[in-house]
Amino acid sequence: MTTKTRMPRKTIEEKKAQAEALHASIAEQVDALRGTGQWQRFLNFAQSFHAYSLGNVLLILSQCPDATAVAGFRAWQAKGRQVRTGERGIRIFGYRQQKVTEEDDSGEEVEKSITRFPVLSVFDIGQTEPIDGVPDNSTLTRQLVGTDDLGIVDALSDHLNAQGWTITRQNLPGTKNGYTKPEQRLVVLEENLSPEHAAKTIIHETAHIELGHIEDMTEYLEHRGLSETEAESVAYVVAGMLGIDTAAYSIGYIAGWSEGNTDLIKSTATRVLRAAHTIAGILSPEEHAAGE
């Protein structure tokens with residue numbers, strides 16, 4: 001049995017025009033956000049992170065699949081956040097060159113540089129919390145609080161179940177709202193999300209699947225900013241077509257992952273709109289079948 005959503009009835013031309021207008025508004029709102037002090041403070045925070053090698057990124061995500069920003073214990077304190085007591089560190093390889101003095105074959109002392117790769121512990125932002133009295137510049141987003149998901153969660157869960165995916169609700173650490181594990185065909189949603197935010201999140205995860213972002217996780221990691229920009233743009237457009245305004249969360253999320261690059265956001269239009277219409281068709285199968 002197909003679960004139906006309460007999607008406003010529109011002609012196909014009206015839906016196309018609405019979707020295009022919603023996508024165009026994303027770049028406009030991100031551009032406006034870039035002119036604020038909030039954006040500059042967030043940018044300073046984001047730029048303070050060390051750039052990890054691809055090997056370490058893979059190590060991080062193998063231990064913490066929902067990791068978004070990682071740093072060492074004291075580095076988090078310097079950023080105004082404290083690692084929670086009892087949190088387990090994510091193990092990665094560091095890099096250090098050490099100078100040593102050795103005797104050569106002739107008995108002369110020579111100085112050499114030895115490269116070492118010590119094992120280090122880092123922590124994801126979800127394992128931390130703001131230090132009291134310190135401004136939190138780590139996010140541009142606000143959680144959605146609406147109490148009606150318009151049937152979206154059940155409808156997309158039914159669709160994904162039919163495709164062999166399992167949908168589950170769990171208590172996720174930190175501020176993570178959801179994630180997808182392609183190797184297990186599993187989609188996880190935070191159990192304490194408001195109905196409105198849960199709807200946006202399952203659209204976002206469905207978009208990752210529809211857009212093929214997770215077919216090659218190495219490729220996804222190399223282009224994570226683009227993939228997250230596209231998936232959240234789809235969520236914003238589809239939710240907007242149903243009458244849910246996710247701007248309070250989506251615009252800051254997209255701005256962060258795109259680094260405020262409105263040209264990049266605009267360049268995603270074809271893929272985003274194609275995926276948005278596909279998901280809208282899943283949510284209103286009768287209209288989609290009738291070609292309205």
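## Ground rules

A polar contact here is a pair of N or O atoms within 3.5 Å; within protein, one must be able to donate a hydrogen and the other to accept it, and residues adjacent in sequence count only if both atoms are side-chain atoms. This is a predicted model, where local features need pLDDT of at least 70 and side-chain atom pairs count only at pLDDT 80 or more, while totals for chains, interfaces and linings use all residues. Residues are numbered from 1 along each chain as its sequence is written, and side-chain values use heavy atoms, with hydrogens and water left out.

Let's start with D124, in strand β6 (residues 119-124); strands are DSSP runs of E, at least two residues, and helices are runs of H or I, at least four, numbered from the N terminus. The D124 side chain reaches the backbone nitrogen of T68 at 2.8 Å and that of G126 at 3.0 Å.

Setting aside neighbours within four places in sequence, the contacts of D124 (heavy atoms within 4.5 Å) include C64, D66, W76 and I90.

Now for α5 (residues 152-162), where I152, V153, A155, L156, S157 and L160 are buried. Their cover includes β8, β10 (186-190), α6 (195-210), α8 (224-242) and α11 (269-283). After α5 comes G164, with a positive phi near 95°.

The largest nonpolar core has 50 residues; such a core is a set of buried Ala, Val, Leu, Ile, Met, Phe, Trp, Tyr and Cys residues joined through side-chain atoms within 4.5 Å. Among the members touching the most others are I152, L156 and I203. The largest share, nine residues, comes from α8. Beyond four places in sequence, I203 is in contact with I152, L156, V234, A235, V238, A239 and I279. Another core, of ten residues, lies apart from this one and includes L61, V70, I90 and V122.

## Q170, partly out

Q170 sits in strand β8 (residues 166-170) and is partly exposed, at 31% relative accessible area. Not counting residues up to four places away in sequence, Q170 touches Y179, V188, L189, E190 and E191.

Methods
Buried means under 20% relative accessible area, exposed over 50%, partly exposed in between (1.4 Å probe, protein chains only).
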